Amino acid sequence: MNSLLLLFLPLCSAAIYERVADLPAQDFDYIIVGGGTAGNVLANRLTEQPDISVLVLEAGRSTVDVLTSRVPFFCTSLTQTTFLDWNFTTTPQPGLNGRTFPYLRGFGLGGCSATNVMTYTRGSSQDYDRYARLSGDDGWGWDKMQPYFQRNERFVASADHHNTTGQYDPTVHSFEGITSVSLAEYPSVLDGRMIQATKELSDEFPFNMDYNSGYHLGIGWHQKTVGHGTRSSSETSYLGPEYIDRVNLYVLVDSHVTRILVENDSTVDQDSEPYFDSVEFTQDAGKTIHTASARKEIILSAGVIGTPHILLNSGVGHGNELSVLGITPTVHLPDVGKNLRDQVSMMVTWNVNDTQLIENVYWRNETLQEDALAEWQSNRTGFLANPPSNHLGFFRLGDELMDEESCAGNQTGHYELIFGGGLDVLPVPETGNYFTALVNILCPLSRGNITINSTNPLSPPVINPNTLSNEQDVVLMKHAIGGAQRFAAAPVWADYILELYTDLSDLEGSIRAQARPAGHSVGTASMSPRNAHWGVVDPDLRLKQARGVRVVDASVLPYVPAGHTQALVYVTAERAADLIKGGKSA
Ligand SMILES: Cc1cc2nc3c(=O)[nH]c(=O)nc-3n(C[C@H](O)[C@H](O)[C@H](O)COP(=O)(O)OP(=O)(O)OC[C@H]3O[C@@H](n4cnc5c(N)ncnc54)[C@H](O)[C@@H]3O)c2cc1C
């Protein structure tokens with residue numbers, strides 16, 4: 001049946017389409033909402049089956065030719081407001097002195113993988129085993145997820161081709177996957193001192209040759225989604241030149257999805273689960289509304305904000321809350337948009353006795369800025385080929401500090417330190433040289449939510465991460481900052497670190513004034529066991545109490561892992577593709 005329908009599609013080379021009128025059909029086997037980190041994995045894997053047609057609807061555009069996305073060093077400039085971001089703002093955060101924050105989310109093909117800081121961390125094996133326990137599906141556990149890391153990762157040489165022996169463990173990596181991963185592309189003047197500090201403080205801050213082995217405690221060389229000196233996003237990898245021309249793959253950009261629709265837009269039969277079979281979207285800010293139909297499934301991959309936003313607009317959420325707003329409920333799933341979990345970060349910076357750090361060699365030196373860009377443009381090497389950090393590590397805090405263990409187990413870090421020379425703040429001060437540790441609380445207990453306050457699906461969602469609303473998170477941040485200070489007290493820094501630059505005189509006050517949500521958010525469409533009354537999707541990632549819809553993105557993860565989230569999102573999508581292909585379609 002599907003192959004017959006495909007006969008009506010012209011056998012032209014598939015590509016990225018800009019206008020809906022240019023699409024050769026209005027119905028497809030699968031419609032993927034969001035061409036981001038997860039969405040493009042699915043687009044690739046599902047179109048490996050030549051008789052299956054896939055439409056990807058992405059609100060933004062291609063990011064392949066955007067210099068700020070491609071050049072690794074420019075990643076920190078993408079954390080400001082740019083045209084590659086949705087430009088969301090949080091509600092005032094009581095735990096952070098009532099401040100609001102840009103809540104960064106990638107806008108365009110690649111999603112956050114095209115705008116993030118490229119750190120590649122898998123988390124601890126216990127994170128995965130917790131997902132397996134919690135969902136009742138051991139397929140989400142660490143051992144069973146290994147094939148998906150193999151499929152996702154392509155470990156490649158660093159751009160400077162330095163000898164990486166002892167900087168990672170090749171046995172835990174894949175050299176045959178799709179997304180490029182590599183070690184430092186350019187040396188830092190900090191490298192030698194960092195390794196020396198791990199020797200001097202080996203009890204608390206040991207060297208870990210590979211924090212991606214499943215055991216992640218200790219300090220290791222920073223692994224990044226960079227290949228040949230260039231960012232590897234889900235667009236450049238999974239929609240790369242060898243895949244984008246598949247005749248059964250259709251990618252429509254500039255397409256803002258507003259709702260998913262129940263079959264024939266009819267009133268839901270009280271006795272059967274609603275069947276969603278089409279997607280509503282606009283290419284001109286709502287002036288014209290289009291629909292496209294999915295013969296098999298709609299897959300929501302719009303991310304931790306976009307996915308619950310679309311579900312709520314479609315009447316999927318807490319029935320009473322939606323009715324009060326004037327939206328007709330289609331599926332009563334109270335947990336949609338709830339359980340927003342994110343990490344919380346704060347920079348601790350010292351003045352240092354080193355004129356060879358980023359401020360001097362780059363930001364205050366226009367000649368070098370031009371030379372570095374010319375070098376990157378001609379052969380993808382040099383200073384700009386590297387994001388500005390070569391080491392990071394994961395550490396535990398004492399059990400006595402916690403009322404409740406917030407992380408996945410006793411070998412899972414409570415906090416992370418990411419080390420870099422220089423300040424991550426522009427414009428840099430006119431004088432001074434800096435060493436910074438970004439302190440990241442990995443598994444906070446605070447939980448926030450995504451809600452809506454309008455029946456207009458194009459109105460932005462209300463984003464409340466509720467950061468530091470749980471006191472234990474504040475305690476952990478205080479002690480993690482203490483850890484950063486102990487690291488900075490290693491003998492190797494004695495003639496190097498001059499004084500603390502960050503004001504920590506009132507520790508809790510400083511935290512509430514300076515910490516911020518990290519952007520590693522998950523949980524707004526959590527998976528839960530098949531018959532559980534909580535959660536939004538089942539362990540096969542099907543929308544509960546409905547037919548025709550899956551969710552595949554960071555929103556399905558019930559807990560944030562003790563690491564950065566993109567590696568986990570990639571493998572979640574890889575496994576989801578297997579589940580879908582395995583004949584488990586709704
Ligand atoms: C600033 C920042 C830095 C980060 N740094 C790192 C890092 O260094 N390492 C790491 O591992 N993780 C990092 N992360 C987190 C990580 O990148 C994300 O968790 C992960 O990429 C999310 O993948 P996703 O598929 O869930 O969503 P996304 O990649 O965000 O994809 C969602 C896609 O859906 C599209 N979309 C949304 N709504 C709609 C709609 N209504 N209609 C059509 N399309 C829509 C979006 O435009 C986007 O393309 C960072 C995140 C941020 C924000």
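Does Glu153 count as buried or exposed? At 0% relative accessibility, Glu153 counts as buried, where buried means under 20% relative accessible area, exposed over 50% and partly exposed in between, with a 1.4 Å probe and protein chains only. The model is predicted, so local features need pLDDT of at least 70 and side-chain atom pairs count only at pLDDT 80 or more, while totals for chains, interfaces and linings use all residues. Residues are numbered from 1 along each chain as its sequence is written, and side-chain values use heavy atoms, with hydrogens and water left out.

**Salt bridges**

- The structure holds 25 salt bridges, a salt bridge being a side-chain nitrogen of Lys or Arg within 4 Å of a carboxyl oxygen of Asp or Glu.
- One of these joins Glu153 to Arg122, with the closest N and O atoms 2.8 Å apart.
- Glu153 belongs to strand S6 (residues 153-155) and Arg122 to the loop between strand S5 (102-103) and helix H4 (125-135), so the pair ties together parts that are 31 residues apart in sequence. Helices (H or I, at least four residues) and strands (E, at least two) are DSSP runs, numbered from the N terminus.
- Arg122, the partner of Glu153, also counts as buried, at 1% relative accessibility.
- A salt bridge also links the side chains of Arg151 and Asp578, at 3.2 Å from N to O.
- Because Arg151 lies in helix H5 and Asp578 in helix H15, this pair ties together parts that are 427 residues apart in sequence.
- Arg151 is partly exposed, with a relative accessible area of 32%, and Asp578 is partly exposed as well, with 29%.
- Arg512 forms a salt bridge with Glu471, and the closest N and O atoms are 3.3 Å apart.
- Here Arg512 lies in helix H14 (residues 507-514) and Glu471 in helix H13 (residues 471-487), so the pair ties together parts that are 41 residues apart in sequence.
- Arg512 counts as buried at 13% relative accessibility, whereas Glu471 is partly exposed at 48%.

**Helices H5 and H15**

- The axes of helix H5 (residues 142-152) and helix H15 (residues 566-581) come within 9 Å and cross at roughly 105 degrees. Axes are lines fitted to C-alpha atoms, for helices over the stretch in contact, and angles run from 0 to 180 degrees between N-to-C directions.
- H5 and H15 are therefore roughly perpendicular to each other; angles under 35 degrees count as roughly parallel, over 145 as roughly antiparallel, 65 to 115 as roughly perpendicular and the rest as oblique.
- H5 contributes Met145, Tyr148, Phe149, Arg151 and Asn152 to the contact, and H15 contributes Tyr570, Val571, Thr572, Glu574, Arg575 and Asp578. Contact means heavy atoms within 4.5 Å.
- By class, the contact of H5 with H15 has five nonpolar, two polar and four charged residues. Ala, Val, Leu, Ile, Met, Phe, Trp, Tyr, Cys and Pro count as nonpolar, Asp, Glu, Lys and Arg as charged, and the others, Gly among them, as polar.

**Helices H13 and H14**

- The axes of H13 and H14 come within 10 Å and cross at roughly 105 degrees.
- On the H13 side the contact is made by Glu471, Val474, Met477, Lys478 and Ile481, and on the H14 side by Leu507, Glu508, Ile511 and Arg512.
- The residues of this contact divide into five nonpolar, no polar and four charged.
- Ser510, Ile511 and Arg512 are buried in H14, and what covers the buried residues of H14 includes strand S17 (344-352) and H13.

**Cysteines**

- A search of the whole structure finds one disulfide, defined as a pair of cysteine sulfur atoms within 2.5 Å.
- The disulfide joins Cys407 to Cys443, with 2.0 Å from S to S.
- Cys407 is in the loop between strand S18 (391-395) and strand S19 (415-421), and Cys443 is in the loop between strand S20 (434-441) and strand S21 (449-451), so that the pair links distant parts of the chain, 36 residues apart.
- Both Cys407 and Cys443 are buried.
- The sulfur of Cys75 is 13 Å from the closest cysteine sulfur, in Cys112, which is too far for a bond.
- Cys75 is buried, with a relative accessible area of 0%, whereas Cys112 counts as partly exposed at 24% relative accessibility.
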